[in-house]
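The remarks begin with individual residues and end with the chain as a whole.

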Amino acid sequence: MNLECKKLRRHAGDGEYEMSNNRCVSRRSFIGGAALLAGAAATPGLIVCQTALAQQKVPAASVKYQDKPNGNQQCSNCLQFVPGSAPTAMGTCKVVDGPISPSGYCIIWFAKP
């Protein structure tokens, strides 16, 4: 703590108050403020990174995608399937990259409710 801060406190302890333009900032409050500012500055970058990671799709080969159904399990009745312009047209998947056949299947198939 610098000498000016000590003088101001001593006077305030005696019941005397004086106006001053000096700002007494302790090392602890300065470091805490700097850490808070750094954290606030980094937050938007972290949010963007998480959003970008959440939007990446997986390759069809990694989920063993095939163009034929597995019994009743096919892309047209999967929760992740986004249909094409016609019922038999190729669509897309919310998880798998590339064009997806409505009669296809992969290991992450999940029935529509």
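1. Serine 103, in this predicted model, is in contact with Asp67, Lys68, Pro69 and Gln74 once its neighbours within four places in sequence are set aside. Serine 103 belongs to the segment after strand 2 (92–93). Its relative accessible area is 30%, so serine 103 is classed as partly exposed.

2. Serine 101 is likewise placed in the segment after strand 2. Is serine 101 buried or exposed? Its relative accessibility is 10%, and a residue under 20% is termed buried, so serine 101 counts as buried. Apart from residues up to four places away in sequence, serine 101 touches Tyr65, Asp67, Cys75, Phe81 and Met90.

3. With neighbours within four places in sequence left out, tyrosine 65 is in contact with Ala60, Cys75, Pro99, Ile100, Ser101, Gly104, Tyr105 and Cys106. Tyrosine 65 is also a member of the largest nonpolar core. Among its contacts, Cys75, Ile100 and Cys106 are members of that core.

4. Which residues make up the largest nonpolar core? The set has nine residues in all: Val63, Tyr65, Cys75, Cys78, Phe81, Cys93, Val96, Ile100 and Cys106. As a general point, nonpolar side chains in soluble globular proteins tend to be buried together.

5. Cysteine 93, one of the core residues, lies in strand 2. At 9% relative accessibility, which is under the 20% limit, cysteine 93 counts as buried. Beyond its neighbours within four places in sequence, cysteine 93 is in contact with Lys57, Gln80 and Ile100. Ile100 is itself listed in the core. The C-alpha atoms of cysteine 93 and valine 58 are 10.0 Å apart in space, with 35 residues of separation in sequence.

6. In general, most residues other than glycine have a negative phi. Lysine 64 is located in the loop between helix 2 and strand 1 (81–82). Its relative accessibility of 58% is over 50%, and therefore lysine 64 counts as exposed.

7. Lysine 64 touches Tyr105, Cys106 and Ile107, residues up to four places away in sequence not being counted. From C-alpha to C-alpha, lysine 64 and isoleucine 107 are 6.3 Å apart, while in sequence they are 43 residues apart. Cys106 is listed both among the contacts of lysine 64 and among those of tyrosine 65.

8. A nonpolar patch on the surface is formed by Val25, Phe30 and Ile31. Together these residues have about 330 Å² of accessible area. Valine 25 is situated in the loop between helix 1 (3–13) and helix 2 (27–54). Because its relative accessibility is 52%, valine 25 counts as exposed.

9. The chain comprises two helices and two strands, in the order α-α-β-β from the N terminus on. Of its 113 residues, 13% are buried. The accessible surface comes to about 8,900 Å², with 59% of this belonging to carbon and sulfur atoms. Among contacts with a separation of 6 or more, 60% are between residues 24 or more positions apart.

10. The average pLDDT of the chain is 80, and 68% of the residues score at least 70. Where among the elements are the lowest and the highest mean pLDDT found? Helix 1 has the lowest, at 55, and strand 1 the highest, at 96.

How values were computed: Residues numbered from 1 in each chain as written. Heavy atoms only, no water. Patch = residues over 30% accessible without salt bridge, like charges linked within 9 Å, V, L, I, M, F, W, Y side chains within 5 Å. Areas by Shrake-Rupley, 256 points an atom, 1.4 Å probe, with all protein chains shown as cover. Salt bridge = Lys/Arg side-chain N within 4 Å of Asp/Glu carboxyl O. Helix = DSSP H or I, 4+ residues; strand = E, 2+ residues; numbered from the N terminus. Buried < 20%, exposed > 50% of the residue type's maximum accessible area, 1.4 Å probe, protein only. Core = buried A, V, L, I, M, F, W, Y, C linked by side-chain atoms within 4.5 Å. Contact = heavy atoms within 4.5 Å. pLDDT = per-residue confidence, 0-100.
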